[in-house]
Amino acid sequence: MRVLKKNRLNKIKYVAVRAALILILPTTAAKTLAQVQNTNIKIPQSIEQNVIDKVNVPLNNSLNSIRQKIERQQAEKRRITAEKLKTLQPATHLASVLPIISQQKKLLYKDVAVENNWRAIEQQWLLTIKQDELTQLKAFIAKHDMRLVAQKLLPNLQLIIVNIHVAQHRNSFDTMFKLIPKIWQENLTRNYVYASQFTANNHPDNHNANSIKSNAICQNPLRIGVVDTAIDLNHVAFKQSKVIEKSFIDNTLTPPKAHGTAVSALLVSSAPELPALLPNATLYSAQAFYAQNDYAQAASLYHLVSALDWLVENQVDAINLSLAGPNTPLLAQIINKMSEKNIIMVAAVGNEGPNAPPMYPAAYDNVIGVTAIDNQDKHYRWANRGDYVGFSALGVSVKTARAGGSFSHETGTSIATPFVTAFAACAKKKTKNYLDALQSQAIDLGEQGRDNIFGFGKLSR
């Protein structure tokens, strides 16, 4: 019995010493100890006792220190992951209510979450009416204690658009449809918000990332419309570019510039660092976006439609719409009218992920929907999928201009859209059947033929 106890005690000592040595000795020492165990060589008792004496007291402290170090490392990994997700994911985690404040610190309106996870300007509803219906509409507004926020003649689309503010207890589709005369029900909609489809990478120029090649899609003197944010025209990328701009947002707002600068520079940059897709084009910049936060921008439907009317007036060949939002009868009506005028419309399919519902205007039949791929032809993981995806283009880590004067690499279906806009506008100059021409140019990706991920394939120079 005594022998068994002694052997058991020796075994416990050995395990303790071995554990202590592994913690405090280099890897080679630990390996040596393992070899000693395998060859049944006994560790001298004097060494055992010496190590045990030195380790017993500080052992718990060492373990706590190691545990705290691991916890700090894990916390740092979580922080880095969160920061990366901010740049990789779309900015979908907006507050449910975003006050939009003027430069004079005055509340202009609120950008709020509404049904079906869309966003809209709080308590604002839009209608398109005919000129001879305006008096009747104003009487209706007065009778039901509503407020006329704005009205605008869209001469090129032959419509009047009216923006109405309603009381909170009437701020639903059910209530509004019961209240409003049938003649206007068809085009009644919230003043929805259409968001940019852009992921700000927020890192400096990276020479290992993707850059477009030096050759243009075509040299034609095209007229290209862009509905977006303002542009940093002081950037070197626009020093020799032909840009005509008009703002449609409240003039007391500070206009954001990041998204419009990045998108527009791809189309018409005059800087050697960023050769343009359409070097001889004139860009018509319709500025309809306000800032939701430091990373996200959006346009209300009222401002979006106003911007589109101006682009029709300027007889643009194609319009780049790096934005996405809900389907509304009002927007569908406007898009149909523009299609009848033979204007090409190209839109981002969205950055909401593979299981997201269709987003508009990309999902309309007469709009070309664009998804993003990287330079290995892999699909951008946050891009929407569906039968409305028309074509794929480079949209992951693409070199472009950054507001403030630098260059950076940006990601999103927003960034892929200008490539397809350029291809479509150039094809239109060669043939009336420009869609057939684009399909013949596209490099098939994924499943054979058109599919819901890559569309007809990649358009690339």
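User: Taking a disulfide as a pair of cysteine sulfur atoms within 2.5 Å, how many does the count come to?
Analyst: The count comes to one disulfide, and it joins C218 to C426 with an S to S distance of 2.0 Å. This is a predicted model, in which local features need pLDDT of at least 70 and side-chain atom pairs count only at pLDDT 80 or more, while totals for chains, interfaces and linings use all residues. Residues are numbered from 1 along each chain as its sequence is written, and side-chain values use heavy atoms, with hydrogens and water left out.

User: Which hand does the link of C218 and C426 have?
Analyst: The link is left-handed, with -75° about the S-S bond. Helices (H or I, at least four residues) and strands (E, at least two) are DSSP runs, numbered from the N terminus.

User: Are C218 and C426 buried or exposed?
Analyst: Both cysteines are buried. Buried means under 20% relative accessible area, exposed over 50%, and partly exposed in between, with a 1.4 Å probe and protein chains only.

User: Zooming out, how many helices and strands does the protein have?
Analyst: The protein has eleven helices and 18 strands. Of its 461 residues, 50% count as buried. Contact means heavy atoms within 4.5 Å; among contacts between residues at least 6 apart in sequence, 73% join residues at least 24 apart.

User: What is the order of the strands in the open sheet?
Analyst: The order is β8-β9-β7-β12-β14-β15-β16, seven strands with parallel pairing. Two strands pair if DSSP finds at least two bridges between them. β8 (242-247) and β16 are the edge strands, each pairing on one side only. From one strand to the next the twist averages 25°.

User: And which strands does α11 touch?
Analyst: Helix α11 packs on the sheet and touches β14, β15 and β16, with its direction at about 20° to that of β15. Axes here are lines fitted to C-alpha atoms, for helices over the stretch in contact, and angles run from 0 to 180 degrees between N-to-C directions. β15 and β16 pair in the parallel sense over five bridges, with T371 opposite S392 in β16.

User: Which way do the residues of β12 point?
Analyst: A318 and N320 point one way from β12 (residues 318-321), I319 and L321 point the other way, and all are buried. In a regular strand the side chains alternate between the two faces of the sheet. On one flank, β7 and β12 pair in the parallel sense over three bridges, and V226 stands opposite N320. β12 also runs parallel to β14 (residues 344-348), joined by four bridges, with I319 opposite M345.

User: Changing topic: how many residues does the largest nonpolar core have?
Analyst: The largest core has 51 residues, and those with the most contacts inside it are I224, L267, L278 and I368. A nonpolar core is a set of buried Ala, Val, Leu, Ile, Met, Phe, Trp, Tyr and Cys residues joined through side-chain atoms within 4.5 Å. Helix α10 gives the most to this core, with ten residues. A second, separate core of 50 residues includes A120, I161, L308 and A363.

User: What is L278 in contact with?
Analyst: Leaving aside neighbours within four places in sequence, L278 contacts I217, C218, L222, I224, L267, V268, A422 and C426; both disulfide partners, C218 and C426, are on that list. L267 and V268 are among the buried residues of α7. Ten of the eleven residues of α7 (residues 258-268) are buried, so this helix is largely enclosed by the rest of the structure.

User: Is F423 buried or exposed?
Analyst: F423, found in helix α10, has 7% relative accessibility and counts as buried. Not counting residues up to four places away in sequence, F423 touches I217, L438, Q441, L459, S460 and R461.

User: Last one: how many residues lie between β10 and β11 in their hairpin?
Analyst: Five residues lie between β10 and β11, which pair in the antiparallel sense over three bridges. A291 has Q297 as its bridge partner in β11. β6 also pairs with β11 in the antiparallel sense over three bridges, where V193 stands opposite S300. Both faces of β11 (residues 297-300) are covered, with Q297 and A299 buried on one side and A298 and S300 on the other.

Note on methods: Disulfide = S-S within 2.5 Å.
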